[in-house]
Amino acid sequence: AVWEVIEGELVTGLSHLQMAMEHARHGTPITVCRRLWAYAAWCHFLRGEWDEAVMTAEAGVDEALAGGYAFDYAFEYLSGIFVPAARGDWDRASSILSKIEHCAQSMGGVGELLVATAKALIAQARGDFGDMYTALRAWHNAPLDHIDIVMTERWWRPLLAEAQIGVGHFKEASETLRRIGTADHAPYLRVHVARLHGWLLERRGETAQALEIYSAIMEFPDTVNEAPMPLALAKLQYGGLLLESGQRRRAAEQLQQAHRTLSQLRAEPFLKRCEERLTQCGLKGPNSGRGDPRRLTEREHEIARYIG
């Protein structure tokens, strides 16, 4: 089930993970791949089910603590940082980061990688590519000699490529993207990688080629394993480049589509960037009804009751 999720079979993989978690809730001990809650939370995040991602991450922490699985604590905590970071809930994200850092002290290199990934996720949401790069640069040539490094590669390597592009280390970024591959079999990763290839060309000043890649992403076939956030970020970048190229109407179309998704997800930091570009188009983003990113949705009230 974990490998299904990693390879992009989000619907099937999540169904199998939930089946395993149901067995665990009824007393069956999980002795292999106990971090299935972490991967289920990540899967919910990819699918745009962010409230469920929060709840599943909390359940994973509870399971690890109850079982005394000390080596799993950091993995479960890390799965809980995706949503608060993307929503700009900095206090919550920083609190989780502190827990990961504490748990990782006895884990060696794998622990350092988990801390680096958590820091990079927060920096990504803040738009701080320098901090992203500082967090992950040591892993550019990391040997894939540990199963945990391999199984978390889809979490951290795309972040590394994004950081490298952001700070202008284009040769490193090209190598990182080469290592990731085209990922045609995994829709969520295919969009993410294509976006990064487009941004790399954009940063190099190859505008026409970048526009071609962004346009091609919009033609990717829809699948049940679609991930809304990577596509919204691709639309955000596509719209931004169209705007810079003087194609205001087409830019507005892409940016408004990105805004709808980001608003639904309450991805506040990314939403602000989108609205800045919409303003440059002479438009204002639709009222998202948002406020403090720590404001609870109805589903999150259920989560709070579950945790409490």
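**Notes on a predicted helical chain**

1. Let's start with a single loop residue. Arg 204 sits in the loop that links helix H13 (187-203) to helix H14. Keep in mind that this is a predicted model. With a relative accessible area of 39%, Arg 204 comes out as partly exposed. Setting aside the residues within four places of it in sequence, Arg 204 is in contact with Phe 170 and Ser 174. If you look across to Gly 239, 35 residues away along the chain, the two C-alpha atoms are separated by 18 Å.

2. Is Glu 212 buried or exposed? Its relative accessible area is 57%, so Glu 212 is exposed. Tyr 238 is 26 residues from Glu 212 along the chain, and their C-alpha atoms are separated by 9.7 Å.

3. Now step back to the whole chain. What does the secondary structure consist of? You'll find 18 helices and 0 strands. The C-alpha atoms fill a box of roughly 60 × 45 × 35 Å along the principal axes. A compact globule of 308 residues would have a radius of gyration near 19 Å, and the chain agrees with that because its own value is 19 Å.

4. Buried residues make up 53% of the 308 in the chain. If you take contacts between residues at least 6 apart in sequence, 62% of them join residues at least 24 apart. The accessible surface comes to about 13,900 Å², and carbon and sulfur atoms account for 49% of that. As for charge, there are 34 positive and 40 negative side chains, and the centres of the two sets lie 5 Å apart.

5. Helix H3 is worth a look if you want to see the inside. How many of the residues of helix H3 (residues 36-46) are buried? The count is 11 of the 11, so helix H3 is largely enclosed by the rest of the structure. Just after H3 comes Gly 48, which takes a positive phi of about 85 degrees.

6. Helix H8 (residues 109-126) holds Ile 122. At a relative accessible area of 10%, Ile 122 is buried. What does Ile 122 touch, not counting residues up to four places away in sequence? The partners are Ile 81, Ala 85, Trp 90, Ala 93 and Leu 97. Pro 84 is 38 residues from Ile 122 along the chain, with 8.7 Å between their C-alpha atoms.

7. Further along, Arg 248 belongs to helix H16. Its relative accessibility is 48%, so Arg 248 counts as partly exposed. Leaving out neighbours within four places in sequence, Arg 248 is in contact with Leu 243, Gln 280 and Cys 281. For Gln 280, the gap is 32 residues in sequence and 8.9 Å in space, C-alpha to C-alpha.

8. Another arginine to check is Arg 266, in the loop between helix H16 (248-265) and helix H17 (268-280). Most residues other than glycine have a negative phi. Arg 266 has a positive one, near 60 degrees. Is Arg 266 buried or exposed? It is buried, with a relative accessible area of 11%.

9. Finally, the cysteines. The structure holds 0 disulfides. A disulfide is a covalent bond between the sulfur atoms of two cysteines. Cys 274 is buried, at a relative accessible area of 0%. Cys 103 also counts as buried, with 11% relative accessibility.

Key. Residues are numbered from 1 along each chain as its sequence is written. This is a predicted model: local features need pLDDT of at least 70, side-chain atom pairs count only at pLDDT 80 or more; totals for chains, interfaces and linings use all residues. Side-chain values use heavy atoms; hydrogens and water are left out. Helices (H or I, at least four residues) and strands (E, at least two) are DSSP runs, numbered from the N terminus. The radius of gyration is taken over C-alpha atoms; the globule rule is 2.2 Å times the number of residues to the power 0.38. Buried means under 20% relative accessible area, exposed over 50%, partly exposed in between (1.4 Å probe, protein chains only). Contact means heavy atoms within 4.5 Å. Accessible areas come from the Shrake-Rupley method with a 1.4 Å probe; for residues, only the protein chains shown count as cover. Lys and Arg count as positive and Asp and Glu as negative; His and the chain ends are not counted. The place of a charge is taken as NZ of Lys, CZ of Arg, CG of Asp or CD of Glu. A disulfide is a pair of cysteine sulfur atoms within 2.5 Å.
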